[in-house]
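Trainee: May we go through this structure together, step by step?

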Amino acid sequence: MSTLAAFGKLPTLNSATILLVGTNEIFQQQLAETILQEKQDLKINIHLADSLPLPPERDHIRPRIDLIVFMVNMQSKHSYSNIEASLVHVDASFFLGKVCFLATGAGRLNQISIEVNAVLKLADLYCSPVLFCELECEKIRIATAQRLLRMLRICAGHMSGVSALSFSSLMKSSIGDSSFLA
Amino acid sequence: MDEIVAEYIRRTVLRIPRSEMGRMLTTWGVFSENQLQSINLHQIKDKLSQEVVQLCEENGATIKHAANLDIIYNYTYRDKKVWTVYKMTKEDGDENVVFNWVDFKNRFKASLRLLLKNVTITFKKFEDNSMWIRIAWGTQFKKPNQYKPTYVVYHSQTPYVFISHSIFKNCRVLLFQALLAAANYSDIHEMDLRSRCLDSLKDIVFKRYNQNVETFNPQPLQERNSTLENVDPRIIQEDKNKKETIRKINEEDFGNGSLPKLQYAQYKLETVFKSKPEMGILNDKEPFRCLVTFSSPHLLEALKSLAPAGLATAPLSRLLTCIVPEAKNSFKITEKKSGFSHGLPDQ
């Protein structure tokens, strides 16, 4: 089983790489384009995949991945189980702040087929924060893109004084939900 | 012209949309050129219908003419009805008789009239080579109810019949008998194929759809490639190969042409619930009954886009892909075909 290692490669100068994992190709594409529209002084690479592990034949050209975003579509059980299966292929060192969950479509409660609790629990299990967003709405999409970019800068080490680990523990306390920890 | 006919014509005219009125009245062919021109199509529909009825009165129109207009209307708006496909079969010994429409009509009428006097039977042939038969049913003591007729569409030399049923269930047997007698077949059975779109049903049973699969059409391929190339170089698709495989599998299952229109697919499960014996629930041999219905304005197109949209894994279950080749959209899954009983994707 090939796992994705967090520190297996050297970082590239003045660039950061984000990996979006999710089954909905259209949402991924939209989010990627929104992220790239934000003005940046560093080079952003976006890799899209519908599940992990990534194909090994491209290993040598892929740069070091700084942040993995798992996109869970709350309206599709298939998307949830796909993410669950993909998480196994991620190296443990990633979960020290370099993973984040993005739950989409949670706003329309009547169409939800996964419980919100299930996603929160999953994120808690993997010590990673969850962001909720409706990607169809452009404003929310832009806000989400900005948030992810900020996280990416921290994870890639472009913010002095903040490390990925300290940031993620900060996020955790802001969510303030420790009931799942027990 | 009696009152029933007049009222029926009036109501049929009221149903026709204004834009189609001129064309339909011309196709109907009851009025002369001068009469057609004298009708004012731009007045209130209620007045228009009365004018049409008055002209019919002058021309001495009968229930036959009225039924004809109804057929023309329903032929144009055939997607408003639900059509069921039936297949007729011959016994081995039966001879092939040369088909002709006059015999067909006579035999059909004779067979129905033998048992039921009060029926209105109307035939009309259209350019697409289909014969439309409209039957308004009555009982021994009641005149035929013109408002709830059965429509039958038949193409000569084919074993398939498309029927849009009226509410009278007991007339079905009579209709089948008449059809078998008229078309020289010995048995008829339902094909479990139903849709609103009559033309799609024809495409499926006459296998016109298969031609789309065989003819290679490079157009959509080029479009697909060009959209991929338009992508920003900073966005890297990690699973291009996988997507390509999904597309290929999809093409094998559904073809790359346009798909016939169906509104639903139904699966009746009658399988035994399987669980580990130590759990001790539902472990008897009683089948676990359940009905799964997939519905959509264009079901096959929806199924086709399930895998590319990431809502299901490719390949899809054979139960979902065999709708067109099997010409069926309601299935019964029993224990014997246990290989068939699982693998329905989440929706």
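Trainee: How many residues of chain B are in contact with chain A?
Mentor: Please begin with the model itself, which is predicted. Residues count as in contact if their C-beta atoms, placed from the backbone, lie within 7 Å. On that basis, 20 residues of chain A meet chain B, and the number on the chain B side is 15.

Trainee: Which element of chain A gives the most to the side that touches chain B?
Mentor: Two or more residues come from each of helix 1 (25-37), strand 2 (43-49) and helix 2 (77-87) of chain A. The side divides into 8 nonpolar, 7 polar and 5 charged residues. With 6 residues, the element that gives the most is strand 2 of chain A.

Trainee: Which residue is the bridge partner of Leu48(A) in strand 7 of chain B?
Mentor: Strand 2 of chain A and strand 7 (residues 235-237) of chain B run parallel and are joined by 3 bridges. In strand 7 of chain B, Leu48(A) has as its bridge partner Gln237(B).

Trainee: Within chain B, which element supplies the largest share of the side of domain 2 that touches domain 3?
Mentor: Chain B is divided into domain 1 (3-76), domain 2 (83-205) and domain 3 (210-340). The contact takes 11 residues from domain 2 of chain B and 9 residues from domain 3 of chain B. On the domain 2 side, strand 6 (187-195) and helix 8 (198-205) of chain B each supply at least two residues. The largest share, 5 residues, comes from strand 6 of chain B.

Conventions
Residues numbered from 1 in each chain as written. Chains lettered and ligands numbered in written order. Predicted model: local features only at pLDDT ≥ 70, side-chain atom pairs only at ≥ 80, totals over all residues. Contact = placed C-beta atoms within 7 Å. Helix = DSSP H or I, 4+ residues; strand = E, 2+ residues; numbered from the N terminus. Nonpolar A, V, L, I, M, F, W, Y, C, P; charged D, E, K, R; others polar. Pairing = 2+ DSSP bridges. Domains from an automatic or database assignment.
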